[in-house]
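Work through the exercises below with the sequence and the 3D view at hand. Each task is followed by a solution in steps.

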Amino acid sequence: MIYFSNVSKVYSPTSIALEDISFTITPAEFVSIVGPSGAGKTTLLKLLLAEERPTAGKIFFESSDVHSLSKYELPHLRRRMGMVFQDYRLLPHKTAYENVAFALEAAGKPDEDIQSDVTQVLELVGLMDKAWHFPSELSGGEKQRVAIARAIVTRPDVVIADEPTGNLDPLNTREIVKLLEKINDLGTTVLLATHDKEIINALKRRVVTLDKGRLIHDEQRGK
């Protein structure tokens, strides 16, 4: 489904973000990309989203070379990927419901579909009772659940979560990880970037480890 083929990203001779990275992610897999700060995790995700271009190598999403897509094809690819960020990136003047609905409005969905789909995902993340609350009225864990609802409401093939628990306490961290597992169990591929070893140990899923821009381990943890 996703294939990194000999991918490198060099910013300068003294700043090599990624070096000769190759691995494959299959449909409905849950893969954690781990490593210390500066290991190259975020750069890897930016390359997959075509927010940056590799210095060498290619990245494929199914049969498409991500970086050979036209500016008209790229938005279609990105709609197949739902993004979750550490800092939530919610619109502060929209309610939880409106934040989630915004993704569908941008895609031109009819109102009746928007109402049905937003209600469904807010129930999935356990926030229907907070649907009309603004982000300032929500806890960190609730904000991240809204962000996850927004990421999955368009029914993407892949959810990409970049340090989604970085601002959360241990209890909320566990809840967010359980939610990502639930989404994966429903058939969505999940790509999780994290440096939290407790998350990795609890998940018992596949782990791709980066260090100083190099892939040093790719292992399947037993469930």
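**Exercise 1.** How many residues does helix 5 have, and how far does helix 5 reach from its first C-alpha to its last?

Solution. The model is a predicted one. Step one is the count: helix 5 has 13 residues. Step two is the reach, which is 19 Å from the first C-alpha to the last. Step three is the check: at 1.5 Å a residue the expected value is 18 Å, and the reach of helix 5 is close to that.

**Exercise 2.** Find which residues of helix 5 are buried, and state what covers them.

Solution. A residue counts as buried under 20% relative accessible area. By this cut-off, ten of the 13 residues of helix 5 are buried, and the helix is mostly covered. Those residues are G141, E142, Q144, V146, A147, I148, A149, R150, A151 and I152.

**Exercise 3.** Describe how helix 5 packs against helix 6.

Solution. Start with the geometry: the axes of helix 5 (residues 140–152) and helix 6 (residues 170–185) lie 10 Å apart, at an angle of about 15°. Angles under 35 degrees count as roughly parallel, so helix 5 is roughly parallel to helix 6. The crossing of the two helices is right-handed. Helix 5 brings G141, Q144, R145, I148 and I152 to the contact, and helix 6 brings N172, I176, L179, L180 and I183. Sorted by type, the contact residues are six nonpolar, three polar and one charged.

**Exercise 4.** At what angle do the axes of helix 3 and helix 4 cross, and which residues meet there?

Solution. The two axes come within 10 Å and cross at roughly 130°. That angle makes helix 3 oblique to helix 4. In handedness, helix 3 passes helix 4 in a right-handed crossing. On the helix 3 side the residues are Y97, V100, A101, L104 and E105; they meet I114, Q115, D117, V118, T119, V121 and L122 of helix 4. The residues of this contact divide into eight nonpolar, two polar and two charged.

**Exercise 5.** Locate R174, and give its relative accessible area.

Solution. R174 is found in helix 6. Its relative accessible area is 48%, so R174 is partly exposed. For a distance across the model, take K46: R174 and K46 are 128 residues apart along the chain, and their C-alpha atoms are separated by 26 Å.

Notes:
Residues are numbered from 1 along each chain as its sequence is written. This is a predicted model: local features need pLDDT of at least 70, side-chain atom pairs count only at pLDDT 80 or more; totals for chains, interfaces and linings use all residues. Side-chain values use heavy atoms; hydrogens and water are left out. Axes are lines fitted to C-alpha atoms, for helices over the stretch in contact, and angles run from 0 to 180 degrees between N-to-C directions. Helices (H or I, at least four residues) and strands (E, at least two) are DSSP runs, numbered from the N terminus. Angles under 35 degrees count as roughly parallel, over 145 as roughly antiparallel, 65 to 115 as roughly perpendicular and the rest as oblique. A crossing is left-handed if the near helix is turned anticlockwise from the far one by less than a right angle, and right-handed if clockwise. Contact means heavy atoms within 4.5 Å. Ala, Val, Leu, Ile, Met, Phe, Trp, Tyr, Cys and Pro count as nonpolar, Asp, Glu, Lys and Arg as charged, and the others, Gly among them, as polar. The expected span of a helix is 1.5 Å times one less than its number of residues. Buried means under 20% relative accessible area, exposed over 50%, partly exposed in between (1.4 Å probe, protein chains only).
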